[in-house]
Amino acid sequence: MESNYHTLRRTDNQLLVITHLTQLLTYITGFGGLIVPLVIWATQKDRVDGMDAHGKDILNFQLSIIIYSLLSIPLILVFGLGILTLILIGILAFVMPIVNAIKASNGELPSYPLSLNFVS
């Protein structure tokens with residue numbers, strides 16, 4: 001008799017919340033905010049309901065933050081606006097994972113503003 005263990009999907013809002021909050025590792029380690037959610041998403045997207053959508057949104061947001069940060073560096077030299085842009089990016093990258101972790105705990109889909117669609 002074959003086992004359907006691999007086809008069963010479970011609802012795990014706690015793991016979704018943890019996945020959103022692992023983005024904050026960037027403030028501690030400098031690089032974990034992209035790697036850890038990527039690993040969780042890649043290993044759990046077929047096992048947890050909603051993980052695929054949440055993981056894609058997290059990865060798109062993190063990649064967008066990296067792109068926006070890289071684009072604001074030349075703005076520091078040219079216009080001086082890059083510092084303001086980097087501060088706004090830092091605030092957005094800190095606040096939005098917390099907001100979306102709360103949404104995930106309530107069973108809602110995440111919404112990251114200004115997020116480019118790299119992973120669909």
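A: Let's start with Arg 10, which is partly exposed because its relative accessible area is 39% (buried means under 20%, exposed over 50%, and partly exposed in between, with a 1.4 Å probe and protein chains only). Its side chain meets that of Asp 12 in a salt bridge, 3.5 Å from N to O. Here a salt bridge is a side-chain nitrogen of Lys or Arg within 4 Å of a carboxyl oxygen of Asp or Glu.

A word on the source: this is a predicted model, where local features need pLDDT of at least 70 and side-chain atom pairs count only at pLDDT 80 or more, while totals for chains, interfaces and linings use all residues. Residues are numbered from 1 along each chain as its sequence is written, and side-chain values use heavy atoms, leaving out hydrogens and water.

The structure holds three salt bridges. In another of them, Asp 49 pairs with Arg 9, with the closest N and O atoms 3.0 Å apart. This pair links distant parts of the chain, 40 residues apart: Asp 49 sits in the loop between α3 and α4, and Arg 9 in the segment before α1 (helices are DSSP runs of H or I, at least four residues, and strands are runs of E, at least two, numbered from the N terminus). Asp 49 counts as partly exposed at 34% relative accessibility, and so does Arg 9 at 41%.

Finally, Asp 52 forms a salt bridge with Lys 56, the closest N and O atoms being 3.3 Å apart. Because these residues are four apart in helix α4, about one helical turn separates Asp 52 from Lys 56. Asp 52 is partly exposed, at 27% relative accessible area.
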